[in-house]
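This briefing sets out selected features of the structure shown below, grouped by topic.

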Amino acid sequence: MTPVSTVPPQFSREAGSSTRSPVDNILIFDTTLRDGEQSPGASMNLTEKVEVARTLEGLGVDIIEAGFPIASPDDFAAVQSIARETSRSRICGLARSVRGDIERCADAVRPAGARARIHVFLATSAIHRQFKLNKAKEEIVRMARTAVEHARSLIDDVEFSCEDASRTEPDFLSEVVEAVIAAGASTVNIPDTLGYAYPEDYAALIRHLKQRVRGIDQVVISVHCHNDLGLAVANSLAAIRAGARQVECTINGIGERAGNCAMEEVVMAMRVRRDQFPGAAGPLWTGIDSTKLFGASRLVQSITGLPLQRNKAIVGDNAFAHESGIHQDGVIKNPECYEIMTPASVGVPATNLVLGKHSGRAALAKRFTDLGVAVADTDLDRVFAAFKTLADRKKEIYDGDLIALVEEVVRGHTISEWRLDHLHHSATAGEGTSPKLATATVRLIRDGEARTDAATGDGPVEAVVLAMNRICGISGTVEDYRLRAVTKGGDAQGEVAIRARFTRVDPSQPAIVVGGKGLSTDIVHASALAWLDAINRAAVYQARTLASHQAQAAALIP
Ligand code: MN
């Protein structure tokens with residue numbers, strides 16, 4: 001059996017470590033790229049995942065769960081690239097408690113060197129043991145121990161998760177946790193996989209483990225909460241107060257079903273209410289630079305195509321908007337009358353003019369750094385060119401414009417099967433107008449070849465969608481359509497987020513549902529770009545499925 005070191009390696013973070021004891025350190029484990037990516041319609045390509053990972057690292061995330069390497073060659077490649085292209089955060093891959101998964105995961109995280117982590121999981125609850133795994137308790141303990149030992153023989157830093165822990169008999173959970181600690185796990189995760197727990201009960205479960213399990217003080221207890229009852233953040237905080245020292249979370253709370261604990265919420269709840277955590281040494285309770293939360297939130301919204309509700313805590317459009325006169329008056333007299341934290345503390349851009357037509361490349365790069373948006377050097381030239389074009393159309397360029405721009409340029413470059421070359425549309429609006437009166441003419445280019453077609457629709461957006469479908473020879477419908485102004489003013493850029501459903505050539509195959517985004521000062525143009533983005537994403541998705549399964553019948557685009 002491998003001995004466990006007394007101080008888990010994760011605690012050797014340089015910044016501020018002289019004033020903080022490990023007890024006061026809450027490790028932030030981000031799983032936007034693994035659990036978050038499992039949100040329906042949130043799949044990201046390799047370039048996008050690396051972009052998100054860089055941003056997470058800049059935010060100060062301690063551990064980045066980069067993917068599930070055995071799931072597909074793409075997942076493997078993404079984890080491996082992220083392991084190579086980061087330098088500070090630990091890089092973790094997920095594996096089931098089977099040999100093949102663990103070895104594949106070790107290969108993917110290995111380029112991170114001493115920062116590599118394997119995260120092994122196995123279900124422990126009675127219902128999972130009986131119906132999913134068909135295994136007795138003894139067999140579960142044996143599998144968990146063997147898996148951790150195997151992982152430790154490959155990588156030093158091993159985390160073990162008891163899937164569905166919150167519905168597992170506490171005594172059996174203690175037995176499993178004790179076994180994996182003895183086998184060499186340095187982090188044990190106690191997930192509320194189904195978002196079923198209540199804060200008091202969940203905290204009691206953590207305390208139970210701390211009292212009963214031999215060796216528990218030498219490992220980090222982690223929590224991973226889902227939001228099915230809207231309690232993910234509350235449960236995570238209760239667990240921290242009971243002694244958990246790692247929180248698994250995602251940007252914007254994306255994740256399976258109702259999602260995971262939202263990083264921005266749990267981090268700010270700990271920061272604003274430090275008084276709730278007696279014993280905290282200083283303001284740096286987590287290593288997160290909270291002023292970069294808003295930028296990270298915007299990046300993830302844009303890349304996944306999953307927009308936030310306006311009233312989302314911390315990073316929603318209305319999170320700091322004071323509507324009533326009494327509130328506005330109070331805020332003007334003293335912001336603390338109605339604000340428990342400042343917009344600046346979470347990086348909400350001030351609506352000040354930041355850059356204009358005459359700003360240079362260095363000023364742009366500096367602004368991105370300040371905003372916490374990671375732009376690769378290789379992308380900066382194209383972003384700068386797009387910035388100049390935008391500056392010609394729009395006299396004031398705000399932070400929101402810049403964030404939107406970088407996403408547009410980086411994304412537009414990564415998925416570029418079809419490109420919009422020309423768009424003309426016309427529509428007559430108002431009552432008494434006959435239906436189907438809007439028309440659109442579209443020219444698209446792929447591999448240097450241009451194709452043009454036209455269509456009519458109830459409105460210009462429908463006409464554009466139908467014209468593009470004709471050109472690409474696909475059948476797709478708009479499931480959801482959202483338009484938001486990126487900044488203020490009549491010349492603000494409109495950002496269109498579309499959810500598209502494409503049916504396959506073989507109707508017995510499931511439809512592909514993807515998100516698409518477009519940005520323009522003209523909303524029909526933004527809609528066209530969003531629909532084209534969705535078409536291109538569906539094509540990438542299809543290419544992946546064809547490559548991995550050779551399922552020609554699944555063809556979407558002839
Ligand atoms: Mn999960």
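In strand β10, R443 has H422 as its opposite residue. This pair belongs to a predicted model, in which local features need pLDDT of at least 70 and side-chain atom pairs count only at pLDDT 80 or more, while totals for chains, interfaces and linings use all residues. Residues are numbered from 1 along each chain as its sequence is written, and side-chain values use heavy atoms, with hydrogens and water left out.

**The open sheet**

- Three strands form an open sheet in the order β9-β10-β11, with antiparallel pairing; two strands pair if DSSP finds at least two bridges between them.
- Because β9 (419-426) and β11 (449-457) stand at the edges with a single partner strand each, one side of each has no neighbour in the sheet.
- On average, neighbouring strands of this sheet are turned by 15° against each other, direction ignored.
- Seven antiparallel bridges link β9 with strand β10 (residues 438-446).
- Helix α15 (residues 460-472) lies across β9, β10 and β11 and runs at about 140° to β11. Helices (H or I, at least four residues) and strands (E, at least two) are DSSP runs, numbered from the N terminus. Axes are lines fitted to C-alpha atoms, for helices over the stretch in contact, and angles run from 0 to 180 degrees between N-to-C directions.

**The barrel**

- Eight strands close into a barrel with parallel pairing, in the order β1-β2-β3-β4-β5-β6-β7-β8.
- Strand β2 (residues 63-67) and strand β3 (residues 90-96) run parallel and are joined by four bridges; I63 stands opposite R90 in β3.
- Helix α2 (residues 73-85) lies across β2 and β3, at about 150° to β2.

**E57 in helix α1**

- E57 is located in helix α1 (residues 46-59).
- E57 is buried but has no salt bridge, and R115, the nearest side chain of opposite charge, is 4.4 Å away. Buried means under 20% relative accessible area, exposed over 50%, and partly exposed in between (1.4 Å probe, protein chains only). A salt bridge is a side-chain nitrogen of Lys or Arg within 4 Å of a carboxyl oxygen of Asp or Glu.
- A polar atom of the E57 side chain lies 2.6 Å from the backbone nitrogen of R88.
- Apart from neighbours within four places in sequence, E57 is in contact with I64, T86, S87, R88, S89 and R115, where contact means heavy atoms within 4.5 Å.

**E139 in helix α5**

- Helix α5 (residues 137-154) contains E139, which counts as partly exposed because its relative accessibility is 28%.

Terms used. Lys, Arg positive; Asp, Glu negative; His and termini not counted. Polar contact = N/O pair within 3.5 Å; in protein donor to acceptor, adjacent residues only side chain to side chain.
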